[in-house]
Each structure stands twice: as structure tokens, then as C-alpha cells.
Amino acid sequence: MGKNVWDMLLGFFAWCCAILLVGSMILIIGFLILKGYKAISLELIFANTSPLEALLFKQQVFGGLFPAMVGTFFLILLSIGFALPLGLASGIFLAEYAPDSIKKIFSLCFDILAGVPSIVIGLFGFSITVLLHHSFNSQIFPCLLISALSLAFLVLPYIIKTTQVALESLPLLLRLTAPSLGATKLENIFLVLLPASISDITSGIVLAIGRCAEDTAVIMLTGVVAVAGIPKSIFSGFEALPFYIYYIASEYSDQFELMKGYGAAIILLLICAVLFGISHWVKEWLTAKTRFSY
Amino acid sequence: MQHREHIAGIIFWGATALSAGVTLAVLGFMVILSLPIIKNDMILEVLTGPWSPDHGLFGILPMIVGTLCIALLSLVVSFPVSLGCSIFIEIIRPDKPGRFLKKFVKLMTAVPTVIYGFVGVFLLVPQVRGFVSHGSGMCILSASLMLGLVISPTMILFFSQSFARVPKTYLNAVDALGGTQFQKLIYLLLPQAWPGILTGIILAFGRAMGDTLIALMISGNSVVLPTSPLDSARTLTAHIAMIIAADFDSIEFKTIFVCGGILYLMTSFGIFLARFSAGKQN
Amino acid sequence: MKKITVTKWVILIAIFMITAVICSASELDSFTGEKGVLRISGGTAHIPVMKEAARRIMIFNPDIQITIAGGGSGAGIKQVGEGLVNIGNSGRQATESEVSRYGLVMYKWAIDGVAAVVNPGNPVKKLSGKQLQDIFAGTILNWKALGGEDRGINIYTRDESSGTRAVFWKKALNKGIISGKANFIVSNGAMKSAITNDPYAIGYVSVGYIDKTVCPVRVDNVAPDLDTVKNGEYKVARGLYSNTRGDASGLAKKFIDYLLSPAGQGIAAEKGFIPVD
């Protein structure tokens, strides 16, 4: 009987932990939604500008979330644009070209990069900017481009790792078929191996997008500002959703602004949840499809 | 044809070298930019002294201690719960709730940290202030509670992964001997999976140490050595975020590169440890 | 007879309003045909005025982008000196070394005070100068000693980059100690919301930021408000400056001219500051 008491205690403990964890998350998200759902409206995003005019960039939006959302969107686009080619190429190299010893050193490097706190990456981006400003061109300021580059460094290790693991986990049978039919290594990679691992890679990329959308520390040091409107070029300051939330949390001047903060938090949460959902779905759905074609 | 293959190989190699170069460049920048402090023999003073720019003191010891306190306490809060959750997922295994919890934990990794910070400011801090009837509620405890939640998915996923990696045959052997779940955990799973558990703990600690927003928003950011969990404290990351606006030529500004360097070295040391302990289980 | 005077009056008012509209439009007219980016950073007390002025200018001419960041006066002065921004705001005068090093030119466009503030629920609303210094030095630790509740005093202060801190430290605290236990806040806006949320708090903000969510403390029986700052009774006052490296030119000049125009001064007054005459 004594044993069963321990077992019951173990079960009780595990259930308690599970409920505690889920409970606190529900508390957090519930709090956000209960307090903020009233703020969700077109007006929250576009203020009193007509949505169509704003979407066509014909009119600036003042007091709405639109500039911050556009800023975040461009930020994601640019940083993934930088990180993707570099990450894919590095991942391919590690999986298909590198001898074991080199692979070990490089993957240690990327593990370290993945562990570096984002604010340190931001500091790196900032000091590069100041350096370039002083010694290269005085027209270089902290801006959208710099933020995007720094964010690209932040998500680079994720993309490399996903690509590498996805390629390495392909079955040997698939790996050898094309070369035995006379395909070159490059053809094998681009026509067989990459398409076969596309689902894993895509889902990794979507997660990287989520990381770009949520990170605040990097952009705080490299060019995000409180008020900017729609960025006119990649060399100008910009607004971003996560920074907006941080800014409102400390600087709100009245209840109305605070409500906008809640609204922005819910929107960011939704964006991240949707991205996560897409990543999950891509993995399940595309995996099923590619399996079928084997 | 051969030519193209060759060029592609070089491009891939170049991309990898470039990416790895970034890793080293980050460290290089931190070291080079904190050189003025190292050269002037100020490094010891900076690492062990108090912070009071009005009096010409630029020590970052309070921030180092603050960082360690907040990260450690969040680990203490989060570890038992995370262990319990991974036991729930891998050992107790109630069919539907188990799978639900695993999905739920994965979903948690997607929640932006600024959201935790935001809710911390408006929900947790007032509660803590009312509950402990001391201080402003912006303290190590508040930050650690929120951070504990942020790092728990890392631990839970690592723990359950390493539980799952214990060979099925061993588990069956325990079952065949009539062992209970509790005995299975104590005598088989924990001894077998401890390197994985350690890896999870180390990585979670690194994550807690590297987080900026939560500490910046809810730990109060004061600059004295904390003496209790209810004291306000500043982390290295928050310190960087606050001082970045200062004069570029001032000593204050240069110390943030020392902070950056310390954070970089501590997290890479963590990665070494984690790799080492992860290697053990394999 | 009477009818005529009424009509006269109507016409007069109409003419007046039309000229007013034309005038205010003409203050923005200088931005016609301009394009490009104007970067502003620094003092956080300035931000509400900057935001409103930027909004009006960007509506008038959408080709102009004005970005506004905080950071504090120190950051503003430094960044404009280094050429990272076009206008660096500060809530204190630039020091002589700062001026000579960068060739800064200061434009003062409003006067402001810095007031100690507590939560509106706090019964302690009057302090002597000495008490205020003791609170911030950490020698008075409990509100009870000042006639309030039996709770510890939570001190909130600003970082070293802050001009508000510099002025408050010099003029209200007589360069006394600020306790290391104080919580650090990065801007005037954040200070206000921190005090609003913490019933046992004391901090200091720009007078322009005071509204009913925070309660200014009467120090030595002088209430810090626009009138006492204006007539010199409340001593913890300062100018709000916009600084440029060398004489302002281009968009930066037009922006500063706008701040100094009747319309810009109107914005400053509306946001709770005292216009310069």
C-alpha cells in the first residue's frame, strides 16, 4: 500500500504543476483579453483615418497602431530577407559539405550565437552604426535597415539549425537515388533534398518570423522610435508593435492610451499565435504531402 | 558543370564563415569597446564596485548580483513546476490532458516577452505590492515570477525529451518487476535522464539571464546591492537598455560593453556546459 | 443703429477669424515643398509638444517624416552633437563644455518647472524643503513620520541622462544624496504613470505633465504650478530647449521656427508649459 501512496502523491504533484502552469497562463491572457477586448476596433488601428487611404499609404495615421504594424511588417520582411539566404546556405553547407570536425566547430559557434542575449546583439548593431557613422558616412543613423540586420543575426542560428537538421534527417534512400541516376551534388540538393525537407524548413522560418515580430530589446537599441509614422525609407526610424506595447506600459498618459496598449498587446499576441499555428500546420500538412510523394 | 558545382561549394562555405564571423564579431566588439576600461586598470573597480556616476563610481557589481539573483530565483520558482509538468507529460500520461499540455507548452514559446512584462506591470506588481505590504511591488520577486513562466517551456520540453529518450526496454523491465511509477521515476528515469535535465536547467538559466524586457519593466531598476527578494534591483540587460542613451565618450557608456561582454561570456559558458551534459546522455 | 453695430461686430469677428486661419496656415506654409526626414530625440518633457507639432506638420505636408525618440536630455545633447539626430532636446541648459565641444546652439521655446509628486490618495501633500531632501536621501523612510500611513516610502528617480533629474537635484535637493534604493524610471511619462500606480510613491515630474492622476507636493508652502513658476515663487524651474549643432538650418530651422511661432507657442501652452515671450 505504501507504494501506492507515493504514486498518488506523484500524480497529485504532477497534476498540480500542470494546473498551475496552465492556470497562470490563462490568468495572464485572460486578464489581457478581459481588460482589452473593448479596445479592439478599426479605430484602434486607423484612428480617424479611412482604412483604405491608410492602406494605400495615401494618408498618414496619427494615434493609431497602423504605423507600428507597418513598421513591424517591414522589419520582418527585411530581416528574413537577410537571414534566409545566409541561413539556408550555411545550413546546406553544414549538412552536405562540411567534414565532421569543421561541422562541430561551426555548430558550436551557432549555438553560442543563439544563446547570446538579444540586447547584446542590439548593442552590437548600435556600435556598428556609430562606428560607420564616424568613419564611413555621417548619413548613417540607427534605422530600419540596421534593426533588420541585427534581427537577422538574432534569427540566423535558428534558420541554420532548422535547415541543417531537416536535411540531415532525410532518409539515406532518398539521398542516394538522384546521384545514382547521374545527378550532380547541386542538383541533388536543390531538386531533391531541399524540396523533400521543405516542410520542416518552412515551419522553422515561420517561427523565426515570430521571433522578429516579438523581439523588443534589439530594436530598442537600433532605431525604433516613439513616433515616426510610416517609414519613408529603410534609412529612417520606425515604429514597431512590441516597442509600442513597452512604451505604453510605462508612458501612457491617460486611460485612452492605456487601452491602446492593451489593444496592441492582444494584436501582437494574435499575430504570434497565428504564426505559430501556421508553422504547426505547415509541418503537419506538408510532411503528409511530401511523405506521399516518396 | 564542374565549375558551377565548385562555385556553389564556395558560396555555401562563404555564407557559413560569414555567419560564424558574426558570432565572433559580437564578442570582438564587446571586448574592443571595453578596452579603454581594461587598459586603464579600471576593470576590477568596475566589476566589484558600486554604481554612482555622481561620485565618479561606475561599478556594475549590483547589476551582476541583480542578474544572478533574478535568474536564480526564477529557476527556483520554475524548476519544480517544470519538472512536475514533464512528469505529467511523460510519466503520468493522462491521454488527452497530456497531449494538450505538451501542445500548450509549445504554444507558450510563441508568447512575446513584452506581453509578460505588460501584464506584470498591471497585474502582478500591484498584487505583490498589496500582498507583501512593503515596497513598490517592483522587485526581484515580481520579475522572477514572470521570468519563471517565460523559461518554463524551455525546461519542460527538455525534461520531457530526455525522459522520452530513456529506452523503452528499461521501462518495461521496471514494469515487469512490479515497480511503481514513483520507483520508476526515482530509480530509473531521473538517474538516466539527469544530463538532459541539467541541459534544460542551464539553457533556461541562460534565457532568464538574457531577458531584458521583464526585468526592465518590473524589477524597479535600482542600483544598490539587493538584500532581499522584495528589493528593487537592476539586471545587466536592463542596465544596457538604460545607459545606452548616455554620452558615448563617458565611462558610463563604456561600462555597458563590459556588461555585454559578461553576458556573452556567461551565456557561451552555459552553452559549453549544456553541450557537455547533453553529450553525456548520448 | 444697433443693427449696424451687430453687423459690424460680425464682420470684424469674421475678418479676425479669417486672418487667424490664414496666419496659422502661413506658419506652416514654410514647410511647403519640403521633403525628407527630421530626427528628434532627447528630453522626455518635450515629447507631447513635439508630437503635436510633428502631427500638424506631417498632415500639412505628407512628404516630411518627423521621428521622435526619448532618451533624456543628456542623450539629446550627445546625439545632436554627434550628428545622429537633427534636433536634440534638453530640459536643462547644455553645459559650457558641451556647447564648445559641439558648437551647440540652444533654442529655448518654453519654461517649465519640476515638481515633487505623490499619489493623489496620499494624505501627505505638504513638505518642507528639508523633509523633501531627507526623503530622497533615504533618512525619512516611512510616510507615518510625515503624517501619512504606516508604509515605507517608495522613491522614484530618473537616470543620469535626465535633465529633469539634474534640475530637481540642483534646485530642490540642493545637490543632496538620492538614495540608491530608489527605483529608476526612464522618462517623465513613465514617472507619472509609476506614481499613479503606486499609492506610497514619491517622485518628480515636469509641471507640464501634472494632471489629476498625480498630486504635486507643496514645498515650503509653495504649490508648484504654472502661476508660481511664472512669477518666480516656485524656484525649481527650467527652460525647455531644442538644440542643434551650429545654427539650425533646413527642416530643423523651420521646425524650431514653428515652435517659436504663435501656433507653436500655443501648443506649448496647451500641453501645460509656459510660452516664452
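Of the 282 residues of chain B, 54% count as buried, where buried means 20 or more other C-beta atoms within 10 Å of a residue's own, exposed means 12 or fewer, partly exposed lies in between, and C-beta atoms are placed from the backbone. This is a predicted model, in which local features need pLDDT of at least 70 and side-chain atom pairs count only at pLDDT 80 or more, while totals for chains, interfaces and linings use all residues. Residues are numbered from 1 along each chain as its sequence is written, and chains are lettered from A and ligands numbered from 1 in the order in which they are written.

**Chain B: overall build**

- Chain B has 12 helices and two strands; helices (H or I, at least four residues) and strands (E, at least two) are DSSP runs, numbered from the N terminus.
- The order of these elements along the sequence of chain B is α-α-α-β-β-α-α-α-α-α-α-α-α-α.
- The C-alpha trace of chain B spans about 75 × 70 × 30 Å along its principal axes.
- Among the contacts in chain B with a separation of 6 or more, 73% come from residues 24 or more positions apart; two residues are in contact if their C-beta atoms, placed from the backbone, lie within 7 Å.

**Chain B: interfaces**

- Towards chain A, 64 residues of chain B are in contact with 68 residues of chain A.
- The side of chain B that touches chain A divides into 43 nonpolar, 18 polar and three charged residues; Ala, Val, Leu, Ile, Met, Phe, Trp, Tyr, Cys and Pro count as nonpolar, Asp, Glu, Lys and Arg as charged, and the others, Gly among them, as polar.
- Towards chain C, 19 residues of chain B are in contact with 20 residues of chain C.
- The side of chain B that touches chain C has nine nonpolar, seven polar and three charged residues.

**Chain A: helix α12**

- Helix α12 (residues 241-251) of chain A is largely enclosed by the rest of the structure, because 11 of its 11 residues are buried.
- The buried residues of α12(A) include A:Phe243, A:Tyr244, A:Tyr246 and A:Tyr247, as well as A:Glu251.

**Chain C: strand β3 and its partners**

- Strand β3 (residues 87-90) of chain C is covered on both faces, with C:Ile87 and C:Asn89 buried on one side and C:Gly88 and C:Ser90 buried on the other.
- Strand β1 (residues 36-42) of chain C runs parallel to β3(C) and is joined to it by three bridges; two strands pair if DSSP finds at least two bridges between them.
- C:Ile40 stands opposite C:Ile87 in β3(C).
- Strand β11 (residues 237-245) of chain C pairs with β3(C) in the antiparallel sense, over three bridges.
- C:Ser90 stands opposite C:Tyr241 in β11(C).

**Chain C: helices α9 and α10**

- Helix α9 (residues 250-260) of chain C packs against helix α10 (residues 262-270) of chain C at an angle of about 65°, with axes 4 Å apart.
- α9(C) and α10(C) are therefore roughly perpendicular to each other, a class that covers angles from 65 to 115 degrees.
- C:Tyr258, C:Leu259 and C:Leu260 of α9(C) meet C:Ala263, C:Gly264 and C:Gln265 of α10(C) in this contact.
- By class, the residues of the contact of α9(C) with α10(C) are four nonpolar, two polar and no charged.

**Chain C: C:Phe60**

- C:Phe60 lies in helix α2 (residues 47-60) of chain C.
- C:Phe60 counts as partly exposed because 15 C-beta neighbours lie inside 10 Å.
- Leaving aside neighbours within four places in sequence, C:Phe60 is in contact with C:Leu28 and C:Phe31.

Key: Axes are lines fitted to C-alpha atoms, for helices over the stretch in contact, and angles run from 0 to 180 degrees between N-to-C directions. Angles under 35 degrees count as roughly parallel, over 145 as roughly antiparallel, 65 to 115 as roughly perpendicular and the rest as oblique.
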